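The entries follow the order in which I looked things up.

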Amino acid sequence: MKKIGLILILIIILPIVFLLVNELGKLNENEKILEQIYNDQLQAILFSVNQYSEDVVRTTANRIITETESTSKNVSETRTIENILNDSKKFTAIFVADSINPNKIRFYLRDKNILPNFDSLSKFYKKILFQNDSVINRLYNYQKQGYIKIDPIRLPNSVNESLLIFTGAGSYPKRIYGLIINPQEFITQILSPRLQEVAKNEFIISVINPKTGYQYNSTKDFKKLTVQTQKALWIFPDYNLGISLVGKSIDELVTERAMNNLILIGILFAVLIVAVWFVYRAVKSELELAQAKADFVSNVSHELRTPLALISMFAETLEMDRVKTEEKKKEYYSIISHESNRLGRIVNTILNFSKMEAGKRKFNFAEEDLNEVMIQVYQNYDYHLFNKGFDFEYEPGIDIPKVLMDREAVSEAIVNLIDNAVKYSDETKFIKLVIGQENNFVFVEVQDKGIGISEEDQKKIFEKFYRVSTGLVHSTKGTGLGLSLVKQVMNAHKGKVIVKSKIGEGSSFKLMFPINSQLNIGANNA
Ligand code: ADP
């Protein structure tokens with residue numbers, strides 16, 4: 001059995017343990033890859049938002065360049081830019097400077113109600129241009145290669161204004177245009193619809209100014225939020241774009257998935273262990289049964305041979321007229337009769353067992369008084385047990401009701417129990433039959449003061465062919481069928497067998513018959 005257990009472990013459990021450990025390792029790796037994919041996706045979304053905001057600005061930039069630099073000079077710069085400001089409504093102001101260091105910067109405001117100090121504005125932005133000459137020179141270089149680049153310029157201490165600059169095209173190579181934007185207005189009016197469209201219900205896209213703590217979220221329900229991934233907003237360098245998943249964060253999702261996978265693997269493992277345990281149990285009981293059957297054959301042969309040898313020996317002695325006294329003759333006859341009875345019983349047990357196994361045993365139930373049935377068994381055995389040195393006692397039941405039973409089958413069961421009590425008694429030779437009533441049952445109990453049965457064996461002795469494999473039982477022969485027959489007989493009576501035993505102190509087997517049971521009188525299959 002140990003070998004089989006080891007083989008099972010080797011061929012089933014070990015590979016699976018390896019597989020599981022491998023899977024666990026991979027799981028971690030997979031989760032990392034998954035997280036990477038999620039993050040890449042988020043980055044892609046942020047990229048598209050950035051792209052969109054730049055497109056918005058570029059469309060206006062292109063219009064400013066083409067319209068103010070057009071060759072037909074019928075329309076003034078002022079009119080053109082004011083039109084653009086009016087049409088787009090995205091920009092607070094637009095300025096035009098004719099070089100990196102112009103005399104004057106021409107300023108155009110969207111809001112006609114504001115009367116600004118154009119001189120101080122011009123001065124302020126001249127300084128900004130001057131300070132950012134390296135940026136502007138870079139833009140000139142791009143322009144020479146035919147590309148108009150738009151660059152953001154940081155304005156000192158300004159929250160409500162952001163500046164984007166770009167160069168003119170061919171006709172005014174040194175010209176610089178400035179677009180002044182209110183970032184928060186731009187975010188809420190221009191970007192907002194786009195953010196909501198991109199985010200749908202799956203993400204929350206936020207625009208955050210880390211310095212001021214400003215945060216705009218595409219979904220209003222999430223007021224305060226720590227975002228998953230941040231990226232600078234190209235057109236407003238002070239602002240970041242952030243994105244997060246609605247509900248759970250990626251970290252949470254990934255750990256949740258990992259947890260789920262772990263639990264699944266755990267369950268799988270547990271199921272496997274249970275399955276292996278069942279296979280082990282099945283194999284074990286099959287092997288035990290095979291062993292028991294082999295033992296059974298040798299036990300039965302022995303059981304049959306002993307009485308046969310005795311019978312033929314005493315019969316021969318009698319036949320040859322070698323026995324002188326009548327008394328001796330009588331003793332020999334009684335031995336022959338007793339041994340043939342024993343032989344008969346063994347054969348009966350085996351026959352009944354095989355009938356029962358095939359489901360062919362018929363029971364004849366009739367209303368019987370258990371006292372009456374048992375007194376008969378007692379009387380049949382009293383003399384025999386007395387001869388064997390047994391103290392055989394009988395305690396009848398008082399006023400017990402009649403119950404339905406197959407008299408013959410029950411007697412046979414009790415004989416089996418008495419036989420066992422004899423076989424498995426050591427020094428204290430004591431057997432007692434007790435009949436009585438308990439709740440809705442009448443019972444007959446066979447008590448002995450024999451070797452007793454361990455708790456573990458008590459669970460198995462009713463299995464067919466099972467014999468306890470230690471101690472006295474080794475030297476005592478038996479078929480291992482007696483108790484299994486008793487059990488089957490009691491099942492047919494819808495009753496039960498209760499065994500109580502302690503090693504070294506003795507055993508008691510109690511057969512319980514239900515009062516008022518619904519058994520079919522006449523014939524009933526086991
Ligand atoms: P067997 O032919 O071996 O007696 P049984 O089915 O009658 O087969 O009993 C099964 C086993 O139960 C026996 O081998 C014995 O070990 C144990 N057993 C049965 N009755 C007793 C008892 N009265 N005292 C101790 N052990 C018993």
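Before reading any sheet, I noted that two strands pair if DSSP finds at least two bridges between them. Helices (H or I, at least four residues) and strands (E, at least two) are DSSP runs, numbered from the N terminus. With these terms I recorded that β8 and β9 form a hairpin with two residues between them.

**Entry 1: basis of the model.** I am working with a predicted model, in which local features need pLDDT of at least 70 and side-chain atom pairs count only at pLDDT 80 or more, while totals for chains, interfaces and linings use all residues. Residues are numbered from 1 along each chain as its sequence is written, and side-chain values use heavy atoms, with hydrogens and water left out.

Entry 2: I found an open sheet of four strands, ordered β7-β6-β9-β8, with antiparallel pairing. Its edges are β7 (214–217) and β8 (229–233); each has a single partner strand, so one side of each is left without a neighbour in the sheet. From one strand to the next, the twist averages 25°; here axes are lines fitted to C-alpha atoms, for helices over the stretch in contact, and angles run from 0 to 180 degrees between N-to-C directions.

I then looked up the pairs. Strands β6 (residues 203–209) and β9 (residues 236–245) run antiparallel and are joined by six bridges. The bridge partner of I208 in β9 is N240. Helix α1 (residues 2–68) touches β6, β8 and β9, and its direction makes about 20° with that of β8. Helix α5 (residues 183–199) touches β6, β7, β8 and β9, and its direction makes about 35° with that of β7.

Entry 3: I recorded a general point here: strands of a sheet pair through backbone hydrogen bonds, either parallel or antiparallel. An open sheet of five strands has mixed pairing and the order β12-β14-β15-β17-β16. Which strands are at its edges? They are β12 (391–395) and β16 (496–502), each of which pairs on one side only. The twist averages 15° from one strand to the next.

Strand β12 runs parallel to β14 (residues 430–438), and five bridges join the two. F392 stands opposite I431 in β14. Helix α8 (residues 370–387) packs on the sheet and touches β12, β14, β15 (441–448) and β17; its direction makes about 165° with that of β12. Helix α9 also packs there, touching β12, β14, β15 and β17, with its direction at about 25° to that of β15.

**Entry 4: the ligand.** How many residues surround the ligand? There are 20, and the closest are N420, Y424, D448, R467 and L483. By class, this shell has 10 nonpolar, seven polar and three charged residues.

For polar contacts I looked for pairs of N or O atoms within 3.5 Å. An oxygen atom of the ligand is 2.4 Å from an N or O atom in the side chain of R467. A ligand oxygen atom is 2.9 Å from a polar backbone atom of T479. A ligand nitrogen atom is 3.4 Å from an N or O atom in the side chain of S507. Taken alone, the ligand exposes 520 Å², of which the protein buries 98%; accessible areas come from the Shrake-Rupley method with a 1.4 Å probe. The elements giving two or more residues to the shell are α9 (407–423), α12 (482–492) and β17 (506–514).

**Entry 5: two loop residues.** I noted that D321, although not a glycine, has a positive phi of about 60°. D321 is in the loop between α6 (250–319) and α7 (326–357). D399 is not a glycine and has a positive phi of about 55°; its loop lies between β12 and β13 (403–405).

Terms used
Near = heavy atom within 4 Å. Polar contact = N/O pair within 3.5 Å; in protein donor to acceptor, adjacent residues only side chain to side chain. Nonpolar A, V, L, I, M, F, W, Y, C, P; charged D, E, K, R; others polar. Contact = heavy atoms within 4.5 Å.
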